[in-house]
Every structure is written in C-alpha cells, then in structure tokens.
Amino acid sequence: FGNTPYGVCLDVYDKEGSKRKYSCKSMSKNHTQVGLYSTAKWIKHFKLQNTLCGQFLTQFFGYPNEELKSIVKQKHPELKLSDKEIHQNRVYKDNIDTKVSASFLRWINTNKMEVFEVIVARGFEGETVNSLIWHTKGSERITVIPLDTLRAKVKTGKWTLNNTTAEFRTKDGEKLFHLQMKGSGKKYNSGYHGMMFHIYR
C-alpha cells in the first residue's frame, strides 16, 4: 500500500470481475495525505490566472523561487509580516485582503465537487478510481469505501478557512479534508510551497 506524493494513485484494478479501480491509502493515525499539487499547476488547471482566487493561492501558499530564498518581504513591503510568515515565505490569511480570501472561499465551495474529483478520484489527468482502500499501518485491517459515499458527503458539506489552513466538514460536522502548505523539505522550492490535501477516515 502506498500514497503517491502528487495526486491520485490507481493501485488495484479488478480485470476479471467488476472492473472497479481502487486507490490504497495507508495511515497510522486517522488521516493521510491524498494529494500534493503546485499552486502554479492548480491555477493553470482551474484557469485561475489573473483572478482574486489565484492571487490568494499565490500569497497563501507562498513564493517558490530558483534562488531558494524567502522573498515574501520583497513581494509585500506594504504588509507587517510575522517572523513565521517570513520564515515560511508566505502570507497568512489574516494578512490577506478580505475580498481576496473571500474570493478563494467562494470559489472552492462553488467548485467543491470538481476539487474532490481532482484530489480523490483522478488527479489532473489520471484514470478515475471507484473506491478507496484504507489500510491501518502495522495491521491487516482494511476498509473499502466507495467514492460515491464520499461524494454524497461532499455535496452537503463546506470548506472553511483559518489563518494557516483550510478544512472541509460535512453537514454533520465530520472533518473530511484539510488543506495546508506542505512546509517541509527543501526551502523554498515548489514542493515546499505545495498544496497538500489530507483525507480523514
């Protein structure tokens, strides 16, 4: 069992029976990474160039650069950035214009089903899987969850935004996803500034 670092992975394909396609997720806690995308590719895929939503993504997930330096102060001399923002080379939500952050929140909730398809079902261009296989590390325990079950939860839930992350909860308050800047690995490349989605069981 394994997770792809960049998107949905087709791990098991039933050729003889139902023709179902499965993505396996192996976790030690109650959540695991389900996708990692660069903001540049995300903005291009969803055609968010020159929009307030694209502006939010660029600020919130930071500024990868070939020099691998923190350049957020040069990008935003008008802002009073915290030491953490400078260290992470990004702008937190509370420092972003409210109309810009509101645009992102409106976009991700309007497009929550398409976002789900990208992060869980098929990635940007992959084959669509039908089910997730949850595997608990260190055990033989597995659970198979049809994607239609998750889709039904997404239809009636919503994304919210806090200062450093976003999260998706169902109408019953169950946490299903969170989205964060990866914030680990080599600073300040596109991976470090990647959009990392986690899914909760």
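This is a predicted model: local features need pLDDT of at least 70, side-chain atom pairs count only at pLDDT 80 or more; totals for chains, interfaces and linings use all residues.

Reader: Let's pick a helix. Is α6 mostly enclosed or out in the open?
Author: Nine of the eleven residues of α6 are buried, so the helix is largely enclosed by the rest of the structure. Among the buried ones are Val115, Phe116, Val118, Ile119 and Val120.

Reader: Which other residues have a positive phi, even though they're not glycine?
Author: Asn50 is one, with a phi of about 60°. Asn89 is another, also with a positive phi of about 60°.

Reader: Where do those two sit?
Author: Asn50 is in the loop between α1 (39-45) and α2, while Asn89 is in the loop between α4 and α5.

Reader: Buried or exposed?
Author: Asn50 is exposed, with a relative accessible area of 84%. Asn89 is buried, and its relative accessible area is 0%.

Reader: Switching topic: how do α2 and α5 cross?
Author: The axes of α2 (residues 52-61) and α5 (residues 98-110) come within 8 Å and cross at roughly 105°. Angles of 65 to 115 degrees count as roughly perpendicular, and α2 and α5 are therefore roughly perpendicular to each other.

Reader: Who's touching whom there?
Author: From α2, the residues include Leu52, Cys53, Phe56 and Leu57. On the α5 side, Val100, Phe104 and Trp107 are among them. The residues of this contact divide into seven nonpolar, four polar and one charged.

Reader: I keep seeing rings. How many aromatic pairs are there?
Author: The structure holds 16 aromatic pairs. Take Tyr37 and Phe124: their ring centres are 5.0 Å apart and the planes are at 50°, so that pair is tilted.

Reader: Where are those two in the chain?
Author: Tyr37 is in strand β3 (residues 31-37), and Phe124 is in the loop between α6 (112-122) and β4 (131-136).

Reader: Are they buried or exposed?
Author: Tyr37 is buried, at a relative accessible area of 4%. Phe124 is partly exposed, at 22%.

Reader: Which residues form the aromatic cluster?
Author: Tyr37 and Phe124 are both part of one aromatic cluster, along with Trp42, Phe46, Trp107, Phe116, Trp159, Phe168, Phe177 and Phe197.

Reader: Tell me about Trp159, then. What is it in contact with?
Author: Trp159 is found in strand β6 (residues 158-161) and is buried, with a relative accessible area of 3%. Leaving aside neighbours within four places in sequence, its contacts include Phe168, Phe177 and Phe197, as well as Leu105, Ile108 and Lys112.

Reader: How far is Lys112 from Trp159?
Author: Their C-alpha atoms are separated by 8.0 Å, and the two residues are 47 residues apart along the chain.

Reader: Which charged end sits over a ring?
Author: The charged end of Arg90 sits over the ring of Phe60, 4.8 Å from the ring's centre.

Reader: Last one: what's His76 up against?
Author: His76 lies in the loop between α3 (72-75) and α4 (83-88), and counts as buried at 8% relative accessibility. Apart from neighbours within four places in sequence, His76 is in contact with Gln59, Tyr63, Leu81 and Val91.

Notes
Residues are numbered from 1 along each chain as its sequence is written. Side-chain values use heavy atoms; hydrogens and water are left out. Rings of Phe, Tyr and Trp (its six-membered ring) pair if their centres lie within 6.5 Å; planes under 30 degrees apart count as stacked, over 60 as edge-to-face and the rest as tilted. Helices (H or I, at least four residues) and strands (E, at least two) are DSSP runs, numbered from the N terminus. Buried means under 20% relative accessible area, exposed over 50%, partly exposed in between (1.4 Å probe, protein chains only). A charge sits over a ring if NZ of Lys or CZ of Arg is within 6 Å of the ring centre and within 35 degrees of the ring normal. Contact means heavy atoms within 4.5 Å. Axes are lines fitted to C-alpha atoms, for helices over the stretch in contact, and angles run from 0 to 180 degrees between N-to-C directions. Angles under 35 degrees count as roughly parallel, over 145 as roughly antiparallel, 65 to 115 as roughly perpendicular and the rest as oblique. Ala, Val, Leu, Ile, Met, Phe, Trp, Tyr, Cys and Pro count as nonpolar, Asp, Glu, Lys and Arg as charged, and the others, Gly among them, as polar.
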